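Good morning, and thank you for coming.

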Amino acid sequence: MEYLENDFSEIASLLGDKARAKMLWNLLDGRAYTATELANCADVSLQSASNHLSKLLLNNILIVEKQGRHRYYKFSTPEVAQVIESMASLLSLNTNYKKIKRPAITAFTYARTCYKHLAGEVGVKITNALLEQNIIKPSEKKYLITSYGENWFLKLGIQIEITKNTKRSFAHQCLDWSERKHHLAGALGDALLIKMLEKDWFRKNKNTRELILTTHGKQEIKELLNIDL
């Protein structure tokens, strides 16, 4: 039992540190953040933040995800987030506590293309709705399609077997730089955006990656996924 007590003591010590507490509190919004952003919110140097984050990674409290040149930190599991949330009322934060600010809402952060698939706030909301309705399900860094999902996409005009036969990833998670949450990428994400453009749910904005969500698109997506955009 002694080794369990030692492990518990180590975890308690990790969570009790003021700088790490501030970092973990910011991560409760479900978004992923860089070491620089977490250093700023905790009022510590980047080197100090990196040391704190290394300890949290080593103890499987956080995981790091690479997206291009950047590294983003987030909770390793929903269960870890629940533990942190339950401790929130016990955290002693000073009056200079900082909250990481979200990027300003613009047409570009709202809806845009990322390579050939949908990104931005709308892209993340649609992906979350697909997950909540068991149309797709996460599997490590990929998405798997359910039998219900195959029928759902077929009704939309997307044939899954044909989409799977393309020489590229079928469906994977892509970390959205503005939302810091995942949206659907890969051949399935591409096919979904193509279909939504064909149906005039979205329109491309000339000379930019911005997408315009039409009134018709809002109505159709509301009926299909029960989300308000």
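This is a predicted model: local features need pLDDT of at least 70, side-chain atom pairs count only at pLDDT 80 or more; totals for chains, interfaces and linings use all residues.

Is N60 buried or exposed? It counts as exposed, because its relative accessibility is 55% and the cut-off for that class is over 50%.

E140 is placed between β5, residues 136-139, and β6, residues 142-145. Here too a residue other than glycine has a positive phi, in this case about 55 degrees for E140. With a relative accessibility of 77%, E140 is likewise classed as exposed.

How do β7 and β8 pair, and over how many bridges? Strand β7, residues 172-175, pairs with β8 in the antiparallel sense, over four bridges. Within this pairing, H172 is found opposite A185 of β8. Strand β8 itself covers residues 182-185. Its residues H182 and L184 point one way, H183 and A185 point the other way, and all of them are buried.

Let me turn to strand β3, which runs over residues 112-114 and includes T113. Why is T113 placed in the buried class? Its relative accessible area is 11%, and buried means under 20%, so T113 qualifies. Which residues does T113 touch, if we set aside its neighbours within four places in sequence? They are L193, R209 and L211.

How many disulfides does a search of the whole structure find? The search finds zero. C114, for instance, takes part in no disulfide: the nearest cysteine sulfur is that of C174, at 4.0 Å. C114 is buried, with a relative accessible area of 15%. C41 is also buried, at 2% relative accessibility.

On a helix, I would point out Q82, which belongs to α5, residues 78-87. Q82 is exposed, with a relative accessible area of 52%. Its C-alpha atom is 8.8 Å from that of L28, although 54 residues separate Q82 and L28 along the chain.

Finally, let us step back to the whole chain. It contains eleven helices and ten strands. The C-alpha trace spans about 60 × 40 × 30 Å along its principal axes. Of the 229 residues, 42% count as buried. Among contacts with a separation of 6 or more, 56% are between residues 24 or more positions apart. The accessible surface comes to about 13300 Å², and carbon and sulfur atoms account for 52% of that surface. As for charge, the chain has 33 positive and 25 negative charges, and their mean positions lie 7 Å apart.

That concludes the tour, and I am glad to take questions.

Technical notes. Residues are numbered from 1 along each chain as its sequence is written. Side-chain values use heavy atoms; hydrogens and water are left out. Helices (H or I, at least four residues) and strands (E, at least two) are DSSP runs, numbered from the N terminus. Buried means under 20% relative accessible area, exposed over 50%, partly exposed in between (1.4 Å probe, protein chains only). Contact means heavy atoms within 4.5 Å. Accessible areas come from the Shrake-Rupley method with a 1.4 Å probe; for residues, only the protein chains shown count as cover. Lys and Arg count as positive and Asp and Glu as negative; His and the chain ends are not counted. The place of a charge is taken as NZ of Lys, CZ of Arg, CG of Asp or CD of Glu. Two strands pair if DSSP finds at least two bridges between them. A disulfide is a pair of cysteine sulfur atoms within 2.5 Å.
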